[in-house]
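Here is a short briefing for a first look at a structure. Start with the sequence and the 3D view, then read on.

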Amino acid sequence: MANVLELQKINKIYGEKIKTQVLFDVDLGFEQSSFNSIIGASGSGKSTLMNIMGTLDKPTSGDVLIDGISTKDMSTNQLSAFRNETIGFIFQFHYLLPEFSVIDNILIPYEIKYGKVTPDALKRANDLIEIVGLTKVRKNKATDISGGQQQRAAIARALINSPRIILGDEPTGNLDSETTETVYNMLRDINKEFKSTFIVITHDKRIAEKADRIIEIKDGKINMDIRS
Amino acid sequence: MKIVRLAFKIAKQFLKNNMGQTILILLGITIGISVQIFIGSLIDGLQQSLVDKTIGSSSHITVSPSGKENYFQDEDNIFQLLKDDERFTEISSSIDAAGFLLYDESTYSLVTRGFNFEEANGIYKFDERIVEGRLPDGLNEVALGIGLVEELGLKVGDDLDFIVPELSLEKVKLVGVFDLRIASLNKSWMITELSSAQTTFQKEGLISSIETQIGKVFDADIIAEEIGLKLGDNLQVDNWKAQNEELLSGLTGQSASSYMIQVFVLLAVLLGISSVLAISVVQKSRQLGILKAMGIKNKTASQIFLFQGLILGIIGGILGTGLGIGLTYVFSVFVTNPDGTSLVPFYLDWYFVGFSVAIAIIAAMFAAFIPARKSSKLNPIEVIRNG
């Protein structure tokens, strides 16, 4: 199957005077509709890798291909638009906008893309809210719901534009084990239903094992790559 | 365009969510603009009333014979020329001559001014200034100032002896008393009908000046110069500005200090908005980072802050206008002269008010510009990486 996301010889060096290399010639490809997990100790470079995959950070050298399109020479604005349409993010600290309600937060990527919320979009947002089980709190402020609910809202938000790729950086990092389980099952269900490609960073081995593929990053290199 | 809507929505939400901060900025803009309007209107009102008191009842631009001549015949129909010029609001011909009132074996020097009262009332408001009797109407009917009438104990209806220098002794009839509120004029002027004065002084068909008032009093020098070019060498044009230089320099000084105050008030407002919005960028950097990660463009990110400036400017401008007008009104009502009239009359120049609001909005937008740039430059990775 074709790779929806491909990393080619990614190097990342931080600092100008004292240089710290975080990633060393990383080559990775992710198949469409696959569910991948990336594990590694803290400081191994997995978050950096994730940010580069999400085009939030630029590699020092190498290229990120999304759907076969090189992102190396794209401008900031081109990248923004590209990101908006192809990638959904779920961050560890959920990063909802506290000023907005749950439903407004979920609709923001859609508004960035189309400017205006259509009745269809609203319906889709409500459907997603139902999938993630937030119907009761949909009009609440993002700060007026629990951590697990916030994370689920962030998942719904990541899905609103039907992105090809969903990136999660420890999406359950600060949730209790029960909620973590629920969230992961939800991600898997969504992966099956929407055929989106999931790439999820986690330090939870139990969670990682549920993925189709486990990639371990160690000292900026791929240490292990297991497909189930 | 479509994205502008989102920027506006986010801006609105940011402002709503930080109500305390928003109210603080609004208060700053409101007070700034109200002070701006209050000071501006106060000084304007003061100047207006000063100018009105000084030249409200006198000629703004006067056409008179040049050189040693005292009289001229309006052969070129200058009167009509000025009448056709829309900038002139009042035009009046007059004839002036010196003479003496003989009373109780004393003589009193008088300036006889012959007017066509219908025209002259527009400038001198004689009809309102007659305190006893009426305006002179026929041959040898005159009105005298209240100062002289009281000094000599004259009464309306008295027949008086008037010496026309080098000509004759005429009998004139006192039919009215005027009070021009200028003591010297109240003692030295004798007013009469234009034709009566022309007959008495044997100056048939001659006049000494054409006096006018114009709508835009501060254009007097420009208009006077322009009119001067159209006239023959035998005539000259004077304007009130040339004769009131001290008043003018006073007004200019006042305006300048008023502008200075306004500029500094504005500067304070500008710095206030700008610093609060700058803090707000830092406060909202997390939100901006996440918005950028989700694909918001740099331009939209900066528009969020420009919109905040715009919203604050418009609301602050409107509130400030209300407060400023209120203050000006209250000042004109409660700060009064001993006789109950307001010290500075209530005066509002709507152009100035509109200008102040426009300035508020532009200043707020301008103040938002730096935070907007900062917001545009913010790199989402900084926020994501640092949590």
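How close do the axes of H2(B) and helix H13 (residues 298–334) of chain B come, and at what angle do they cross? They come within 7 Å and cross at roughly 40°. This is a predicted model: local features need pLDDT of at least 70, side-chain atom pairs count only at pLDDT 80 or more, and totals for chains, interfaces and linings use all residues. Residues are numbered from 1 along each chain as its sequence is written, while chains are lettered from A and ligands numbered from 1 in the order in which they are written.

**Chain B overall**
- Chain B has 15 helices and ten strands. These are DSSP runs numbered from the N terminus: helices are H or I with at least four residues, strands are E with at least two.
- The radius of gyration of chain B is 32 Å, whereas a compact globule of 387 residues would have one near 21 Å. The radius is taken over C-alpha atoms, and the globule rule is 2.2 Å times the number of residues to the power 0.38.
- The C-alpha trace of chain B spans about 110 × 50 × 30 Å along its principal axes.

**H2(B) and H13(B)**
- The two helices are oblique to each other. Angles run from 0 to 180 degrees between N-to-C directions, and axes are lines fitted to C-alpha atoms, for helices over the stretch in contact. Under 35 degrees counts as roughly parallel, over 145 as roughly antiparallel, 65 to 115 as roughly perpendicular, and the rest as oblique.
- Their contact has 14 nonpolar, twelve polar and no charged residues. Ala, Val, Leu, Ile, Met, Phe, Trp, Tyr, Cys and Pro count as nonpolar, Asp, Glu, Lys and Arg as charged, and the others, Gly among them, as polar.

**H2(B) and H14(B)**
- The axes of helix H2 (residues 19–55) and helix H14 (residues 350–377) of chain B come within 10 Å and cross at roughly 150°.
- H2(B) and H14(B) are therefore roughly antiparallel.
- Residues of this contact include Ile29(B) and Gly40(B) of H2(B), and Phe352(B) and Ala360(B) of H14(B). Two residues are in contact if their C-beta atoms, placed from the backbone, lie within 7 Å.
- By class, the contact of H2(B) with H14(B) has seven nonpolar, three polar and one charged residues.

**Where chain B touches chain A**
- Chain B gives 20 residues to the contact and chain A gives 23 residues.
- H1(B) gives the most to the side of chain B that touches chain A, with seven residues.
- That side of chain B has ten nonpolar, six polar and four charged residues.
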